[in-house]
Amino acid sequence: MKVGILTFHNTTNYGATLQAYALMQVIQSQGHEVELIDYRPYRVGLAYLKHLYVNKCFRFRYSISNTVKSWKMRQFLLSRMGLSKLKFYRKTSLDSWNPDYDVVVCGSDEIWELGKVIESIPLGTDFCLSYFFDFISNPKTRKVSYAPSCGPTKTFGNHREQVSQLLKNFHAISVRDAHSLKLLSEEYGIQATKVLDPTFLADFKDITASVPIQQKYILVYGALSGDEQNYVKAVADKEGLEIISIGYPCQVADVNRVDIGPEEWLGYYAQASYVFTSFYHGTIFSIIFNKPFTTFSRSTTGDNKSKKVQDLLKDLDLEDRLLNVNRITSPQPQLNLELNFDTSKLQQMIGKSNAYLSQALSA
């Protein structure tokens with residue numbers, strides 16, 4: 001069958017890029033012809049440019065590195081992922097399109113996060129409704145969701161009825177996290193299937209680069225606070241390890257590699273001795289590469305980033321990997337090098353996710 005995927009693929013975010021790559025690889029491995037629907041709303045592009053160059057003076061110092069990173073991400077997209085022949089920068093052009101897909105899949109990532117879409121960027125309701133396939137009018141085309149997230153959205157509010165009507169046209173609905181599961185149940189009475197992020201289902205061995213690092217090192221991935229950086233520095237000094245930060249600059253790092261593409265990013269993960277991260281996909285790839293890790297949790301009440309990480313770690317009995325530096329009482333920070341968890345539970349979840357996707361595509 002011919003399958004079209006709609007997600008956040010045109011981005012400089014490693015996690016978003018690799019989840020799109022992963023879902024494509026997994027569906028291809030099931031024998032389907034797959035392409036990413038090349039929808040790249042121009043306002044989203046502007047938001048990523050602002051994030052790279054404008055937000056903080058510290059980032060401006062890395063403007064050349066960010067430019068290289070952006071170019072490498074683009075090359076990865078063009079060389080590793082099949083895109084639809086047509087590009088769409090506006091919803092109006094997407095709405096007038098009549099694709100010939102047998103199945104369309106939306107996901108993964110926070111494509112159903114209405115609050116972010118409407119208020120923060122803002123993009124308007126037209127954009128977000130595209131990710132509910134409002135532009136697919138052929139009744140023979142199966143509509144499937146794979147692991148989208150509603151992010152911190154508490155209600156679809158004024159868009160509730162529109163979203164309700166669009167979801168009724170889906171043949172199979174899954175989500176990535178417990179909050180999204182609860183929201184769809186409370187707002188629409190939909191009992192969705194909770195599945196893993198597609199990165200857990202894919203094999204990255206063929207695209208993982210070998211990085212020229214001989215010594216053992218602590219890997220940092222995320223925009224860490226001053227206290228978090230100081231904690232990492234104290235641990236590195238105690239253990240005699242270098243600190244390498246990827247994707248984002250870190251003031252206490254011995255090496256900052258902001259300019260890398262996804263293949264190198266994976267390579268630094270593969271060779272790390274320990275990982276400190278504040279990101280959801282930073283946590284996921286620590287688990288995928290079986291690296292001992294610490295995920296910084298900044299909020300005592302749990303912001304959205306912490307909640308989705310907590311949800312994942314709870315499912316895998318890895319909640320002890322979360323650390324809030326504001327709650328540290330020990331004067332001697334230590335690395336928790338024993339990554340002990342029930343891998344059979346993860347394998348069961350991977351099996352369940354693969355089974356859902358296979359059935360959703362072919363039923």
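A: Gladly, and please keep in mind that this is a predicted model. In the protein chain there are 14 helices and 13 strands.

Q: How much of the protein chain is buried?
A: Of the 363 residues in the protein chain, 55% are buried.

Q: Among contacts between residues at least 6 apart in sequence, what share joins residues at least 24 apart?
A: Within the protein chain, that share is 76% of the contacts between residues at least 6 apart.

Q: Let's turn to helix packing. How do α1 and α14 cross?
A: Helix α1 covers residues 14-29 and helix α14 covers residues 343-362, and their axes come within 11 Å of each other and cross at roughly 65 degrees. Angles of 65 to 115 degrees count as roughly perpendicular, and α1 and α14 are therefore described as roughly perpendicular to each other. The crossing in which α1 passes α14 is right-handed.

Q: Which residues meet there?
A: From α1 the residues are Leu23, Val26 and Ile27, and they meet Asn354, Leu357 and Leu361 of α14. Sorted by class, this contact of α1 with α14 has 5 nonpolar residues and 1 polar residue, with no charged residues.

Q: What about α4 and α11, how do their axes lie?
A: The axes of α4 (residues 63-80) and α11 (residues 262-271) come within 8 Å and cross at roughly 100 degrees, so α4 and α11 are also roughly perpendicular to each other. On the α4 side the contact is made by Lys72, Met73, Phe76 and Arg80, while α11 brings Pro262, Glu263 and Glu264. The contact of α4 with α11 divides by class into 3 nonpolar and 4 charged residues, with no polar ones.

Q: Switching topic, where is phenylalanine 135?
A: Phenylalanine 135 sits in the loop between α7 (125-130) and β5 (142-145).

Q: Is phenylalanine 135 buried or exposed?
A: Buried means under 20% relative accessible area, and because phenylalanine 135 has 4% relative accessibility, that residue counts as buried.

Q: What does phenylalanine 135 touch?
A: Leaving aside residues up to four places away in sequence, phenylalanine 135 touches Leu6, Ile37, Leu94, Asp95, Trp97 and Ser130. For leucine 94, which lies 41 residues from phenylalanine 135 along the chain, the separation between the two C-alpha atoms is 6.8 Å.

Methods:
Residues numbered from 1 in each chain as written. Predicted model: local features only at pLDDT ≥ 70, side-chain atom pairs only at ≥ 80, totals over all residues. Heavy atoms only, no water. Helix = DSSP H or I, 4+ residues; strand = E, 2+ residues; numbered from the N terminus. Buried < 20%, exposed > 50% of the residue type's maximum accessible area, 1.4 Å probe, protein only. Contact = heavy atoms within 4.5 Å. Axes fitted to C-alpha atoms, helices over the stretch in contact; angles between N-to-C directions. Parallel < 35°, antiparallel > 145°, perpendicular 65-115°, else oblique. Left-handed = near helix turned anticlockwise from the far one by under 90°. Nonpolar A, V, L, I, M, F, W, Y, C, P; charged D, E, K, R; others polar.
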